[in-house]
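Colleague: I would like to go through a model with you and learn how to read its features. Please give the general idea each time, then the case at hand.

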Amino acid sequence: MNPVQRARRMVGYLPPLLQSGGKITLLFDVIAQELGVMEGGITRLMRSRWYTLAQGFRADDSLATKAGSELGQLGALYGLQPGPDEDDVYFRQRLTSLVELHRTGMNTAPALLRLVSLVYRAEQPPEFSWDGDTAVGLFTVPGPPGEDGTPGTRRLRVELDDNPPTPALARFQGMPADQRLLTLNQGLDSARPEVSLTAPGDADISIPILHHHESGLDVLFLGRVPRGKTLTLRHQRVPLIDGSPAKEPVLLAHPSRFDDGNQPFRFDTDAARFSVFNQGQGLPELAPGENHWSHGTLSKKELQNYLPAGRNPELEQARLKALELALEPKQSPRIDLQFRWTEVTPATFVLRIPVDYIPPQARGLPDLVRELTATLNYGRASGVRARIEFMLTLPPEEVSVDESPASMALTTTFPEPTGVKDALTSFGQAIKFEEQLPEPDDRLSWSGVFDGTRFETSRFKK
């Protein structure tokens, strides 16, 4: 109601004798004008405090102008600041999403992915799905413009994984024999390590042995590591010496022995036998927590105790060769050891983002990582660590192989167009391999007699 209508209504409440007074009518006109001003002020105040009606800003305004606007001040109540080149339309969506996430919960996988989508300025709401235990977010983000200059879009995939596997490493240099070495498995589960032993530059390692103190298991390599070379032991896989497969076997044994009468015997008695003897190239498990190791070599006598003659026929040839390599007395030089394993990290989640896309508002990949890290720390639960990893998503491909006696054709097709639309920043040197198969030039020939005619002496007729 406007001031004239309000003044007329107030005058109508008076007795008929007073309604004709000019001064009284003028008084109520002034009161109506003031009430109209007050009503307009309250309306403007309410509009400025409602995100859909608050005064916004333009995308090319300065950050100070954006922060000082009604919408910017409203966003500051929730810790939101307008970004460069961000218009008020998307800022209102960001504000709405953040308030909704505060109401429904911040530390769930969909909530964290939605916070990430706001950093990328993706269309709201984004799409969420689950790929096993991995939460997947599909975002529609600004992309390169089209041929006609219209703004383009791109589909972006990000992943959120809980308790990710993390590579771990323990390295020891110049360790003498029987020195106790400590490896710490900080994961939730047991792990299988990969062990590398590097011989010094002035001595070989003959019949190396690695002892795991927690399980009491010994790992024996029935060969020699040449000076300066590295022996790599992998669980249930062929050992490597400088990357080349080694023919000598790896044994997993326990030095404790017993006989059929359960009477303990010494390690080197004839009636004793191993409690554990595995020929499958196995390695001990790394239990969660501390694990202690020591290394050394075996003399001929000790090797005969581990491998008595006639006990293991399948290892007889390897045993004889190992006895030739073993030294008496044994020599255990200082070596370098390295343990590698993968542990399941507790109280941690990882966000995997595509490395080939950077939002237009970000000044580079480091700036994007900083903004994502701050967003994840804002939404994560207390005590949970956030980690960011990069990935490069490739389109799915279909491979078909055609083979004939004279040639072989390999065709690869991509269901998605492979044209380059985004500029990919160089992250280092790249190596390109091209393989070419020469045309077969050998003739198919054989000897024999067919129907009284020897091959290659005449032509066959139909």
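Colleague: Which residues does Arg 94 touch, not counting residues up to four places away in sequence?

Modeller: Contact means heavy atoms within 4.5 Å. With residues up to four places away in sequence left out, Arg 94 touches Leu 80, Gln 81, Pro 82, Gly 83, Glu 86 and Leu 118. This is a predicted model, in which local features need pLDDT of at least 70 and side-chain atom pairs count only at pLDDT 80 or more, while totals for chains, interfaces and linings use all residues. Residues are numbered from 1 along each chain as its sequence is written, and side-chain values use heavy atoms, with hydrogens and water left out.

Colleague: Where does Arg 94 lie, and is Arg 94 buried or exposed?

Modeller: Helices (H or I, at least four residues) and strands (E, at least two) are DSSP runs, numbered from the N terminus. Arg 94 lies in helix H6, residues 88-104. Buried means under 20% relative accessible area, exposed over 50%, and partly exposed in between, with a 1.4 Å probe and protein chains only. Arg 94 has a relative accessible area of 13%, so Arg 94 is buried.

Colleague: Which residues lie nearest the centre of the second largest pocket?

Modeller: On a 1 Å grid over the protein atoms alone, a pocket is an open set of points with protein on both sides within 12 Å along at least five of seven lines; a cavity is a set where a 1.4 Å probe fits but cannot get out, and lining residues have an atom within 4 Å of a point. Of the 23 residues lining the second largest pocket, Leu 80, Arg 94, Val 119, Glu 371 and Thr 375 lie nearest its centre. H6, helix H7 (109-119) and helix H10 (365-379) are the elements that give two or more residues to this lining. H10 gives the most, with six residues. The space in this pocket is about 590 Å³, a volume being the space filled by probe spheres set on grid points, which are joined across faces, edges and corners.

Colleague: How do the residues of that lining divide?

Modeller: Ala, Val, Leu, Ile, Met, Phe, Trp, Tyr, Cys and Pro count as nonpolar, Asp, Glu, Lys and Arg as charged, and the others, Gly among them, as polar. The lining of the second largest pocket has eleven nonpolar, five polar and seven charged residues.

Colleague: What lines the largest cavity?

Modeller: Leu 197, Pro 208, Ile 209, Leu 210, Val 219, Leu 220, Phe 221, Leu 231 and Leu 233 do. The lining is made up of nine nonpolar, no polar and no charged residues.

Colleague: Why is H7 largely enclosed by the rest of the structure?

Modeller: Ten of the eleven residues of H7 are buried, so H7 is largely enclosed. Its buried residues pack against H6, H10 and several strands, including E1 (127-131) and E20 (348-354). Just after H7, Arg 121 takes a positive phi of about 55 degrees.

Colleague: Which residues of helix H9 are buried?

Modeller: In H9 (residues 316-325), these are Ala 318, Arg 319, Ala 322, Leu 323 and Leu 325. They cover an arc of only 155 degrees around the axis, so they are on the same side of H9; the arc is that of the directions from the helix axis to the C-beta atoms. The face turned away from the buried side carries the exposed residues Gln 317 and Glu 324.
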